[in-house]
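Dear colleague,

I am handing over the structure we spoke about, and I would be glad if you could look through it before reading my notes below.

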Amino acid sequence: MNDIYLIAKTDNGLTQEEIKTALLESLEGRSLKKVLILPPDFTRFHSNAGYITNVYYHTLDDAGVQVDILPALGTHVRMTEEQWKAMFGDVPYDRMIVHNWRTDVVKLGEIPADFISDITEGLWTEPVSAEVNRLVMDESYDLIISPGQVVPHEVIGMANHAKNLFVGVGGSEMINSSHMVGAVYGMERMMGKDHTPVRRMFDYGMEHFLKDRPIMFVLTVTTAPGGNIHTHGVFIGEGRECLTHAVKLAQEKNIDFVEHGLKKCVVYLDPGEFKSTWLGNKAVYRTRMAMADGGELIILAPGVERFGEDDKVDELIRKYGYRGRLHTLEEFRKPENADLRENMGAAAHLIHGSSDGRFSITYAVKDITQDEISSVGFNAADYDETAKKYNPDKLKYGYNTVDGEEIYFIPNPALGLWINREKFEG
């Protein structure tokens, strides 16, 4: 097929009909009997991949094609039926196959140590196994559709494309190693950029291990002002070029520059989307390049009820805490801490979630105790009391004045990246 690039002419974004027309065009000329769709899970609700999956499902199902849907969970928990309906509409819940990142994968090969060392400037020197869910390699599928959003990301620079495969439906070694490579190399060197070390790892995996699989990427660039999804672009292709074009648009739509370092930033986490600090720490990742030294980040987290998305990761976060890059690396290297070394993704997450003391991080919570929040290295506050002062229903996106103090309010950290222009240009 020829690649399809559809870019909205106005800030309102593409209409559903425009998107549907492009999706139908992507299927023209194909003789299909069995298709696998790999959409993101509910944590990427604003990707508009729900609508895209719905269109593909009904179009193919009506044509007598068997359609299986394997959400790209990564290490996240399975989608509930309520989340499924909210995201995918009337697609039957029993079409869902649940990915298990620990047990459902096959090893495709190894990304060699010398390549890893070269792309990380010698900061990581071990080979990395490339793994994916075994269904991706099932030759009974005539087509594998991988929809999802290209958006700034703390581990890879810009999310999606091959990440949806090697992390979304990938295995423990690739997930752990890629996260650790990103943490050691430095997220502030990568966020918002394309050809990062982690991206180059995934590009290597695509080129060497998946080039013969019938994978079609359907990449979106979206924003969600007021919670309403605006799809600014859809990029469909079977190679890498669709990602290159999507990245350029996402850099334009999803990176916001602030004119000076933020002394106080308030971020709201929608309780339907953010149940853990594993996800909620996007408030830290996406604002850290905008925060002033000595600043304060307040995270309004009414739905956060745990730390990890699974019990093992939750246990590790409780044990080691968010205590800075050097401290975490020191714990990682201790012979007695095999549990942390065996879960490098968790170790990387602990590094990502700390400000290294450069600014303070306060979680305002209601469904987890303040003592628990404090025990992992964050400051803690009562949600109702904090939200009374910084009311997310009354604050507008961007700069606000509260009790004579300037604050910067972000209603959803997952859809952007904020950078201090002074520091960036300096």
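Please keep in mind that this is a predicted model. I begin with helix 11, whose buried residues pack against helix 9 (277-280), helix 12 (325-333), helix 13 (338-341) and helix 14 (344-352).

Helix 11 covers residues 311-320, and the residues buried in it are Val-313, Asp-314, Leu-316, Ile-317 and Tyr-320. Around the helix axis they take up an arc of only 160°, which means that they sit on the same side of helix 11. Directly after the end of this helix comes Gly-321, which adopts a positive phi of about 70°.

In helix 12, the buried residues are Thr-328, Leu-329, Glu-331 and Phe-332. Viewed down the axis of helix 12, these residues fall within an arc of 160°, so they line one face of the helix. The face turned away from that buried side carries Leu-326 and Arg-333, which are exposed. Helix 6, helix 11, helix 13 and helix 14 are included in what covers the buried residues of helix 12.

The open sheet and the helices on it

Six strands make up an open sheet with mixed pairing, and their order is 1-10-9-6-2-3. At its edges are strand 1 (4-7) and strand 3 (66-69), each of which pairs on one side only. From one strand to the next, the twist averages 15°. Within this sheet, strand 9 (residues 215-223) and strand 10 run antiparallel and are joined by seven bridges, and Thr-223 stands opposite His-230 of strand 10.

Helix 1 (residues 16-27) packs on the sheet, where it touches strand 1, strand 6 (143-149), strand 9 and strand 10, and its direction makes about 175° with that of strand 1. Helix 2 (residues 49-62), for its part, lies across strand 2 (34-37), strand 3, strand 6, strand 9 and strand 10, and runs at about 160° to strand 6.

Strand 4 and strand 5

Another pairing is that of strand 4 (residues 105-111) with strand 5, which is antiparallel and extends over six bridges. In this pairing, Gly-109 has Ala-130 of strand 5 as its bridge partner. Strand 5 is mostly covered, and six of its six residues are buried.

Salt bridges

How many salt bridges does the structure hold? The count is 24, and I describe a few of them here.

One of them is formed by the side chains of Glu-81 and Lys-85, with 3.8 Å from N to O. Both residues belong to helix 3 (residues 81-88), where they are four residues apart, about one turn of the helix. Glu-81 counts as partly exposed, with a relative accessibility of 39%, whereas Lys-85 counts as exposed at 52%.

Arg-189 and Glu-121 form another salt bridge, in which the closest N and O atoms are 3.0 Å apart. This pair links distant parts of the chain, 68 residues apart, with Arg-189 in the loop between helix 6 (172-185) and helix 7 (197-209) and Glu-121 in the loop between helix 4 (113-119) and strand 5 (128-133). Arg-189 is partly exposed, with a relative accessible area of 36%, while Glu-121 is exposed, with a value of 55%.

A salt bridge also joins Asp-203 to Arg-240, where the closest N and O atoms are 2.8 Å apart. Here too the pair links distant parts of the chain, since Asp-203 lies in helix 7 and Arg-240 in the loop between strand 10 (230-237) and helix 8 (241-253), 37 residues apart. Asp-203 is buried, with a relative accessible area of 17%.

Cysteines

A disulfide is a covalent bond between the sulfur atoms of two cysteines. A search of the whole structure for such bonds finds zero. As for individual cysteines, Cys-242 is buried, with a relative accessible area of 0%, and Cys-265 is likewise buried, with a relative accessible area of 0%.

With best regards

Key:
Residues are numbered from 1 along each chain as its sequence is written. This is a predicted model: local features need pLDDT of at least 70, side-chain atom pairs count only at pLDDT 80 or more; totals for chains, interfaces and linings use all residues. Side-chain values use heavy atoms; hydrogens and water are left out. Buried means under 20% relative accessible area, exposed over 50%, partly exposed in between (1.4 Å probe, protein chains only). Helices (H or I, at least four residues) and strands (E, at least two) are DSSP runs, numbered from the N terminus. The arc is that of the directions from the helix axis to the C-beta atoms. Contact means heavy atoms within 4.5 Å. A disulfide is a pair of cysteine sulfur atoms within 2.5 Å. A salt bridge is a side-chain nitrogen of Lys or Arg within 4 Å of a carboxyl oxygen of Asp or Glu. Two strands pair if DSSP finds at least two bridges between them. Axes are lines fitted to C-alpha atoms, for helices over the stretch in contact, and angles run from 0 to 180 degrees between N-to-C directions.
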